[in-house]
Amino acid sequence: MALQQPDPNKDPDQNPKPPRWVGIAYVVIQWIVAFFLLLWVYNTFASGAAEEIKIPYTTFISQVKAGNVTQVQIQGDEISGDFAQAITWPQDTPGAAPIATLQTTPASDSAVTAVPTTPSANTETIQANKFITLFPAEVGDPNLLPLLEANNVLVDTAPVPTPWFTILLTDGLPILLLVLLFAYMGRNMTRGQGSIFNFSRSQVRTQTVGDHPDVTFDDVAGADEAKADLQEIVNFLRQPQQYYELGARIPRGVLLVGPPGTGKTLMARAVAGEAGVPFFHLSASEFVEMFVGVGASRVRDLFKQAKAAGAAIIFIDELDAVGRRRGAGLGAVNDEREQTLNQLLVEMDGFDERNEVILLAATNRPDVLDPALLRPGRFDRQVVVNLPDRPGREGILRIHTRKLRLADDVSLDTLARASVGMSGADLANLCNEAALVAARHGHHAVQMEDFEAALDKIMLGGERPLLLSEEDRRVIAYHEAGHAVVAWHLPHADPVHKVTIIPHGRALGVTEQLPQEDHYNVSRAYLLERLAVMLGGRTAEEIVIGDITTGAENDLVQATRLARRMVSRWGMSQIGLAAFDDDEENPFLGYEIAQGHHYSQDTAARIDQEVQTLLEERHQIARQILLEIRSQLDELVDLLLQKETVDQNQLAGILGPRPTITKESMGLSTELSL
Ligand code: ADP
Ligand code: MG
Ligand code: ZN
């Protein structure tokens with residue numbers, strides 16, 4: 001059956017075509033409307049053209065003098081007005097003619113034709129009772145007004161009308177833009193997913209499509225356990241069949257947990273790179289938009305695209321931005337976040353058994369995540385990515401120095417020891433910073449000293465040139481030497497690496513200690529000595545200067561915080577084992593306020609008392625050390641004032657060998673009886 005053929009049985013009246021005359025009438029009406037519009041436009045812009053003539057200024061003046069002008073209107077440099085009696089135009093000799101009476105004289109016509117300079121020689125003459133002329137603005141005519149007055153001409157002025165295109169630009173353009181905007185919004189609304197501007201789809205698309213990372217596990221150093229955990233995912237993505245045959249269920253949601261800069265994003269990309277599948281990356285903070293519903297629609301889009309790709313990795317960075325415990329927080333409207341989170345949960349549950357889409361997410365706050373996210377079937381596997389240990393740091397440094405030209409004296413091992421506590425991102429930054437320093441110094445390869453300078457800059461902040469008085473420098477030198485001497489003579493304290501009185505960042509001087517090995521679990525003896533070292537600077541000021549300065553402010557803040565934690569969290573005082581403060585940071589205030597503190601006023605007072613005691617005892621120990629070896633202190637200060645920076649070897653020259661950890665030294669550290 002031919003679909004195009006009209007159905008012969010169909011009643012033609014059921015679908016009546018408009019008769020022909022309707023169409024014709026329609027066209028005629030259109031033309032009539034257009035005609036009247038044109039007429040109107042013509043009238044508006046060319047009104048009065050019929051009886052108004054354009055005359056030279058001189059003609060105008062002579063007409064005034066002849067008393068033939070009753071009134072004028074001055075608009076800018078345009079003068080228009082009425083004649084008392086209509087004149088014939090063109091005249092024979094413009095300007096010189098006497099006027100009203102000449103209008104019908106045939107001679108004037110012939111005369112006009114005889115004058116070759118008159119441009120309108122051939123035009124017919126008209127009777128005009130209105131005129132328009134241009135005022136010679138450049139020359140000016142001071143006599144005009146007196147003349148008009150003398151001849152009893154009514155003078156009127158009017159503002160210059162704004163040209164029509166100016167009106168269009170000033171008033172019309174904004175309206176035009178508004179109209180366009182509304183049209184645009186309307187169009188998007190009709191095909192959007194409930195969002196006004198429909199960014200959701202476009203952004204996901206531009207950011208995530210077809211990203212095949214070329215990063216592999218070789219580009220990630222350290223983090224060996226994390227890599228081993230993720231290897232399983234890689235194997236599954238490579239050979240899913242093998243897993244299906246065994247009937248194994250592979251985890252679909254893997255949460256990478258670790259401090260910022262430890263390579264979580266990098267690791268997720270490496271998984272996709274190893275498995276050779278597309279990588280869809282979205283930061284959770286991008287989900288949370290101004291408009292409710294956008295986030296949820298983005299989640300939907302993202303999963304749809306990933307599923308369409310077959311096997312894929314979806315990576316959601318900073319999951320805590322959407323995945324926080326629902327119902328927490330004070331006041332703020334959490335609708336958008338919760339909707340997004342709910343959509344995420346729905347999508348995760350909707351994972352097809354036969355769909356090789358793995359969801360990776362990263363966070364540094366797993367504790368604040370909504371429990372619903374962590375239950376089995378969702379993010380039920382956590383991979384911890386910790387700060388790198390010493391060998392890990394060396395590996396990361398090796399990766400990031402691959403592209404640098406290194407001098408022979410660079411020891412990555414030493415750098416790895418010196419960069420305790422730095423993350424992968426910090427180390428990458430260190431390598432780059434060192435290369436920049438080398439370039440600044442004109443070295444043709446990056447040298448160890450460049451790395452040292454970069455390390456100082458990152459750890460301490462850049463050097464700050466300050467003009468200090470001699471007395472200030474002496475106080476700073478004693479302060480720093482005090483830290484250094486106390487640290488040197490306490491066996492558990494981290495060895496002093498260097499002392500400097502060059503201001504860095506916000507510090508006026510720095511005593512740098514470097515741990516031999518990374519600390520994972522610190523002892524009470526170590527912490528007590530650390531308190532003494534912190535107080536050493538201030539104690540030296542007391543002893544030598546006889547006064548105290550504000551320079552120790554930060555030391556005191558740090559020491560007090562440490563002492564308080566020892567008392568109230570780690571059970572390291574006579575108060576006993578109870579941990580009173582379990583979490584200092586308040587990730588979301590509302591939740592915390594609801595919890596409140598878990599101890600009485602009485603206990604609070606005792607904690608304060610213990611903190612005081614702890615600090616005062618350490619102060620006495622530092623004082624004792626400094627008084628005993630005052631000569632060494634003075635010697636170190638002299639060297640500091642002279643050289644500004646003193647390194648470990650020079651320190652050893654002045655202070656002698658460091659004490660080893662013995663029973664007595666233990667006694668010194670832990671004399672506070674438990
Ligand atoms: P995170 O996502 O955990 O905050 P990133 O993955 O964004 O950290 O790391 C930032 C950069 O730091 C990476 O691009 C990489 O150059 C470097 N980096 C971090 N960790 C490592 C590592 N383990 N090995 C090599 N480079 C690393
Ligand atoms: Mg990241
Ligand atoms: Zn200090």
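**Zinc site and ligand 1 shell**

Trainee: Is H483 buried or exposed?
Mentor: H483 is buried, because its relative accessibility is 7% and the cut-off for buried is under 20%. Keep in mind that this is a predicted model.

Trainee: And D555, buried or exposed?
Mentor: D555 has a relative accessible area of 16%, so it counts as buried.

Trainee: Which protein donors does the zinc ion have?
Mentor: The zinc ion (ligand 3) has H479 (NE2), H483 (NE2) and D555 (OD) as its protein donors, at 2.0 to 2.1 Å. Along the chain, their spacing reads H-x3-H-x71-D.

Trainee: Where do H483 and D555 sit?
Mentor: H483 is in helix 19 (residues 470–489) and D555 is in helix 21 (residues 553–568). The two are 72 residues apart, so the pair links distant parts of the chain.

Trainee: New topic. How many residues surround ligand 1?
Mentor: There are 14, and A221, G261, K264, T265 and H400 are the closest. By type, the shell holds six nonpolar, six polar and two charged residues.

Trainee: What lies 2.6 Å from an oxygen atom of ligand 1?
Mentor: A polar side-chain atom of T265. A polar backbone atom of L266 is 2.9 Å from an oxygen atom of the ligand. On its own, ligand 1 has 560 Å² of accessible area, and the protein covers 78% of that.

Trainee: Which helix gives the largest share of the shell?
Mentor: Helix 9, with three residues. Domain 2 (205–384) and domain 3 (390–460) each supply at least three residues to the shell.

Conventions. Residues are numbered from 1 along each chain as its sequence is written. Chains are lettered from A and ligands numbered from 1 in the order in which they are written. This is a predicted model: local features need pLDDT of at least 70, side-chain atom pairs count only at pLDDT 80 or more; totals for chains, interfaces and linings use all residues. Side-chain values use heavy atoms; hydrogens and water are left out. Donors are N, O and S atoms within 2.8 Å of the metal (3.2 Å for Na, K and Ca); water is not among the atoms, so sites may look incomplete. Helices (H or I, at least four residues) and strands (E, at least two) are DSSP runs, numbered from the N terminus. Buried means under 20% relative accessible area, exposed over 50%, partly exposed in between (1.4 Å probe, protein chains only). A residue is near a molecule or strand if one of its heavy atoms lies within 4 Å of it. A polar contact is a pair of N or O atoms within 3.5 Å; within protein, one must be able to donate a hydrogen and the other to accept it, and residues adjacent in sequence count only if both atoms are side-chain atoms. Accessible areas come from the Shrake-Rupley method with a 1.4 Å probe; for residues, only the protein chains shown count as cover. Ala, Val, Leu, Ile, Met, Phe, Trp, Tyr, Cys and Pro count as nonpolar, Asp, Glu, Lys and Arg as charged, and the others, Gly among them, as polar. Domain bounds come from an automatic or database domain assignment.
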